[in-house]
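This report describes selected local features of one protein chain. The sequence and the structure are shown first.

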Amino acid sequence: AGHRVTLPIGRVKTPTLALVVRRERELENFVPVDYFTMKADFEHVNGSVTTNWKPKDEQIGLDSEGRLLDKSIAEGLVQKFSDGDELSGKVVLYETAEKKEPQRLPFSLSALQVLAGKRFGYEPQQVLDTAQRLYEKKITTYPRSDCDFLPQNQFEDANIILTNLAQIADAKLAQWATQANPKIKSRAWNDKKISAHHAIIPTQEKCNMQALSEIEKNIYFLIAQAYITQFYPVHIYDQTKIEIKYKQETFVTSGRVLKQVGWKEVYGAEPDDKKEEAQEALPAMKKGDTVDYVSAKIENKATKPPVRFTAATLLAAMKEIHKYVKNPESKKKLKDVYGIGTEATRATIIKELMTRGFLVNEAKKKNLIPTEAAYLLIDALPDEMTYPDSTAIWENNLHLMVEGDAELEQFLSEQIIFTKLLCQKANDSNLPLNGDHQCPRCQKGVMQLKNGKNGAFWGCSNFPRCRATSDDDNGKPKEMPKLELCPRCKQGSLRMINGKNGAFWGCTNYPSCMATFNDQDGKPNMGN
C-alpha cells in the first residue's frame with residue numbers, strides 16, 4: 001500500500017499497543033456531558049446530615065448511565081422539596097457494620113513498578129534495573145517475582161530485619177520499624193500463594209542508605225515500608241449507611257468512623273493512598289425515625305475524559321488485562337488471570353514499543369502517545385490480534401498446563417484453527433494507501449518512482465501481485481490506459497502481453513491469478 005515501514009506483530013506487544021491507541025481515540029472523540037446532582041440537608045434530633053439524591057430508575061431526564069441531564073427537572077424537584085407544610089421525611093435504612101482492612105501486601109515486581117511510577121515518576125525498566133542492583137547488593141530479595149506473598153518459614157526473620165530497619169539512616173523507616181510488632185502475622189504469610197518466588201522484601205543484611213543512589217534509596221524505602229506494614233494491626237472502622245425517604249424521593253449517605261488506625265499509620269498520609277469517605281461521625285438514628293428537611297442545592301457536573309496511559313499505568317493494565325477484553329464472557333473468566341506478559345518482560349515490552357517508534361513520551365507528564373505507525377499497525381490487524389482476549393486466555397492455559405490441568409494437544413489444535421483464520425483475514429485486509437498516485441490497474445497499491453537499468457520508471461507498490469509500470473513524465477507517472485477488471489479473480493486487471501506465439505491478455509494479479517485471453521482487435525476476447 002506504499003508504506004515503507006515494517007509492522008512487527010507480537011501476541012503481547014500488539015494488544016498492549018492497541019490499549020494506548022484506543023485510549024487516544026477515546027480522547028479524540030470525547031465530548032463532555034453536563035449533568036446535575038443534588039445534595040439535601042436534613043435535621044435529626046441527634047444532629048444534621050447531608051445526603052445525596054438518588055434518582056428512581058423511571059426518573060425522566062436520565063441518560064443510560066443514570067445521570068440527570070435536564071437542569072429544569074432538578075430545579076423542579078428542589079421546588080417540590082420546599083413546597084407545602086409537611087417537610088418531614090422518614091429514615092428507611094440505618095446500617096452500621098464494622099469493616100476490617102487487612103495490611104497492604106508486600107510487592108511483586110509489577111506492584112512495585114506501578115507504585116514507584118505513581119510516587120516518583122520512574123519508568124518500569126528503571127525500577128526493574130534498580131531492584132536488580134539492590135538484589136545484587138544483597139539487601140533485597142529476588143526482583144523478578146510475580147508473587148505478593150511470603151513463605152511461613154521466613155516469619156522468624158522479622159526480628160532481625162525489623163531491628164536493622166529500626167537503626168537505618170532514614171527517620172520514617174526507623175520510627176515505623178521501632179513501633180512494629182514482630183508477633184503480628186499478616187495475611188502475607190501464606191505458603192499456598194507462593195509461586196516460583198516470593199514477594200520482594202528486605203534481607204537480613206544491614207542497609208547503608210548513604211551508599212545508595214537517590215533512586216536506590218527510594219525503591220528500597222518502598223520495599224521496606226511494605227514489609228514493616230505486615231507487623232501493624234489491621235485498619236478498623238465502622239461503615240454507616242443511611243437512606244431517607246422524603247416526598248417520594250430517596251436520599252442516601254454513608255460515612256465511616258475510625259476505630260483503629262493500624263497499618264494506615266504507615267501509609268495513611270501517603271499521596272498515592274485512596275481518599276477515604278468522610279470521616280465525621282453521622283448522627284445516631286434508627287429505622288423509622290423522623291427527619292426534617294432543611295434545604296437542597298443543585299450541583300453542576302461534567303463527565304471527565306479518560307486519562308492517557310503512562311508507562312506505570314500501562315504496566316498495571318497489562319497485569320489487570322481482564323478489564324480490557326472485548327468478550328463479556330472472557331472478562332468474567334479472566335478476572336483472576338495472570339495478565340499478559342510476565343513480571344520480567346512487561347517493562348521491556350513497553351520500552352521496545354517506544355524504541356521502535358510506536359509510542360512516544362509526552363513532555364513533563366510522561367504520558368504515552370501513539371505515533372502514526374501505531375495507528376497503521378492496529379488498523380491493519382483484525383480484532384483477534386489487537387484485543388487481549390486470545391493472548392490472555394493463552395497465558396491462562398499455559399499456567400494450567402504447568403499445573404497439569406490442561407492438555408497441550410488441545411491447545412495446539414486450537415492454534416491451528418486460529419492461524420488459518422488469521423491467514424484468511426490477512427489475505428482480505430486493505431491498508432490505507434500512502435502515496436499521491438494510486439495504481440490504475442490493481443487499485444490496491446501506489447505508483448512509486450524506481451531506478452531501473454534504462455533509467456527512472458514508476459512501478460506499483462503492490463508488486464509482485466501487480467506488475468503495473470509506467471514511464472516517468474516530469475516527476476509523475478505517465479498516464480496509463482485503463483484496463484478491464486479480470487473476470488476471474490475480480491482483483492487484477494487485464495493487460496496485453498507479447499508471448500512466443502503472439503500477443504495475448506493476462507491478469508496483473510499473476511501468479512495468484514493465471515487467467516489469459518486471446519487478443520481480438522486490441523481487446524481481450526472474453527468468449528475464450
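Lys247 lies in the loop between strand S4 (235-246) and strand S5 (249-260). The model is predicted, and in it Lys247 has a positive phi, near 50°, although Lys247 is a residue other than glycine. Lys138 also has a positive phi, about 65°, and is not a glycine. The loop that holds Lys138 runs between helix H4 (124-136) and H5. Lys138 has a relative accessible area of 55%, and since exposed means over 50%, Lys138 is therefore exposed.

Helix H5 covers residues 158-166, and helix H6 covers residues 171-179. How are these two helices placed against each other? Two packed helices are described by the angle between their axes and the distance between the axes. For H5 and H6 the angle is about 140°, and the axes are 7 Å apart. An angle over 145 degrees would count as roughly antiparallel and one from 65 to 115 as roughly perpendicular; H5 and H6 are therefore oblique to each other. The crossing in which H5 passes H6 is left-handed. On the H5 side, the contact is made by Leu162, Leu165 and Ala166; on the H6 side, by Leu173, Ala174, Ala177 and Thr178. By type, the residues of this contact are 6 nonpolar, 1 polar and no charged.

Another loop, between strand S2 (47-54) and helix H2 (71-82), contains Asp63. Is Asp63 buried or exposed? Its relative accessibility is 19%, and because the limit for buried is under 20%, Asp63 counts as buried. The side chain of Asp63 has polar atoms by two backbone nitrogens, as the table shows.

| Side chain | Backbone nitrogen | Distance |
|---|---|---|
| Asp63 | Glu65 | 3.0 Å |
| Asp63 | Arg67 | 2.8 Å |

Along the chain, Asp63 and Thr386 are 323 residues apart, and their C-alpha atoms are separated by 31 Å.

Arg346 belongs to helix H11, which spans residues 346-355. With a relative accessible area of 2%, Arg346 is buried. Which residues does Arg346 touch, not counting residues up to four places away in sequence? They are Ser110, Leu315, Met318, Lys319, Tyr338, Gly339, Ile340 and Gly341.

To sum up the accessibility values, Asp63 counts as buried at 19%, Arg346 is buried at 2%, and Lys138 is exposed at 55%.

Key: Residues numbered from 1 in each chain as written. Predicted model: local features only at pLDDT ≥ 70, side-chain atom pairs only at ≥ 80, totals over all residues. Heavy atoms only, no water. Axes fitted to C-alpha atoms, helices over the stretch in contact; angles between N-to-C directions. Helix = DSSP H or I, 4+ residues; strand = E, 2+ residues; numbered from the N terminus. Parallel < 35°, antiparallel > 145°, perpendicular 65-115°, else oblique. Left-handed = near helix turned anticlockwise from the far one by under 90°. Contact = heavy atoms within 4.5 Å. Nonpolar A, V, L, I, M, F, W, Y, C, P; charged D, E, K, R; others polar. Buried < 20%, exposed > 50% of the residue type's maximum accessible area, 1.4 Å probe, protein only. Polar contact = N/O pair within 3.5 Å; in protein donor to acceptor, adjacent residues only side chain to side chain.
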